[in-house]
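Please read the report below with the sequence and the three-dimensional structure side by side, and look up each residue as it is named.

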Amino acid sequence: MNLLLIVGLSALLAACKKNVTAQGFESLPVKKTIANAPNEVSGIADSKINPGSVWAHEDSGNPPELILVSHEGVVQKKIPIKNIGNRDWEEMILWNNEIYIGEIGDNNLTATDYFFYKFSEPALATDTVRNITTIRFRYSDGPHNAEAFLIDPATNDLLIITKNGPAAQVYKIAFPFSTGINTAGLATTLPYTGVVAAALSPDNKEIIIKTYTTLFYYPHSATNTIAQSLQGSYTSPGYQPEPQGEAICFAQKNNGFFTLSEKAFLPEVYLYFYKRK
């Protein structure tokens with residue numbers, strides 16, 4: 001093997017090693033106490049137009065509203081969302097300057113239809129969200145309980161990840177969405193269960209799937225669909241389990257990710273931030 005080839009291979013290995021290190025996260029998070037914390041947070045998204053804050057929403061039976069919380073743990077504002085209810089909101093994504101909220105929880109498997117609510121991310125001065133698009137769907141094989149979803153950056157398809165059963169199932173609603181009832185068909189199955197949240201990094205290169213106790217990290221390539229990437233290998237970043245921790249999102253700066261749990265199970269609620277190494 002000639003010297004130039006050896007040097008080239010060494011540089012390539014060093015670059016790969018550096019890339020793997022860059023994708024690692026600290027196992028001990030920075031935590032900020034949230035004063036007057038919401039009771040049942042089940043979805044968060046780091047804000048684009050209100051830098052330094054995350055959006056949150058609460059679970060079933062709570063008001064249909066957005067809650068803006070600073071990265072320092074200060075509840076800054078609550079913004080009502082007009083003309084929709086909160087049967088069982090379970091996940092939130094900020095995608096292309098729009099917020100998607102998933103009305104996808106169904107603990108008793110009694111729902112016929114499920115919904116996504118989509119609207120422009122509001123500014124801090126907004127008093128009420130009024131212009132909402134509703135995406136209505138049914139599963140191809142009957143009701144499911146789900147608490148996580150993703151949007152495929154290559155196709156704009158919606159991917160719902162079920163919570164219960166021997167293995168999590170990933171269902172796809174193909175884009176463009178119908179104004180009537182959409183059908184969510186099975187796309188793939190995961191080798192674990194109990195999924196409560198999911199997040200895609202701002203550069204679309206990383207996916208984290210969350211259960212109550214474990215994180216599953218997947219690299220994502222633009223040449224794959226989300227479903228294809230979720231069929232690949234994964235690692236598990238360090239994570240401190242929270243009681244009923246049902247929310248995760250990447251930071252807009254892509255320098256780490258946030259998690260948040262429900263107040264009802266803690267004397268205090270913390271916003272956790274896991275920094276990149």
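The sections that follow take up the core, the pockets and some points of the backbone in turn.

## The model and its nonpolar core

The structure shown is a predicted model. Its largest nonpolar core holds 36 residues, and the members that touch the most other members are Phe-116, Phe-137, Leu-158, Ile-160, Ile-161 and Ile-209. Strand 10, which covers residues 146-151, gives the most to this core, with 5 residues.

## The largest pocket

Rolling a probe the size of a water molecule over the atoms shows where empty space is left.

Strand 6 gives the most, with 4 residues. When the lining of the largest pocket is sorted by class, it has 16 nonpolar, 4 polar and 2 charged residues.

## The second largest pocket

The second largest pocket has a volume of about 270 Å³. Among its 16 lining residues, Gly-52, His-71, Asn-255, Phe-258 and Phe-273 lie nearest its centre, while strand 1 (30-33) and strand 19 (270-275) each supply at least two residues of the lining. By class, the lining of this second largest pocket has 6 nonpolar, 5 polar and 5 charged residues.

## Points of note in the backbone

Most residues other than glycine have a negative phi, and most peptide bonds are trans. Against that background, the peptide bond from Phe-175 to Pro-176 is cis, with omega near 0°, and Pro-176 is found in the loop between strand 12 (169-173) and strand 13 (181-189).

Which values of phi are found at Leu-109 and at Asn-254? Leu-109 has a positive phi, near 55°, and lies in the loop between strand 7 (98-103) and strand 8 (114-120), where the residue is partly exposed, with a relative accessible area of 46%. Asn-254 also has a positive phi, near 60°, and its place is in the loop between strand 17 and strand 18 (256-261). Asn-254 counts as buried because its relative accessible area is 15%, and buried means under 20%.

How values were computed: Residues numbered from 1 in each chain as written. Predicted model: local features only at pLDDT ≥ 70, side-chain atom pairs only at ≥ 80, totals over all residues. Heavy atoms only, no water. Core = buried A, V, L, I, M, F, W, Y, C linked by side-chain atoms within 4.5 Å. Buried < 20%, exposed > 50% of the residue type's maximum accessible area, 1.4 Å probe, protein only. Nonpolar A, V, L, I, M, F, W, Y, C, P; charged D, E, K, R; others polar. 1 Å grid on protein atoms, 1.4 Å probe; cavity = no way out; pocket = protein on both sides within 12 Å on 5 of 7 lines; lining within 4 Å. Points joined across faces, edges and corners; volume = space filled by probe spheres on them.
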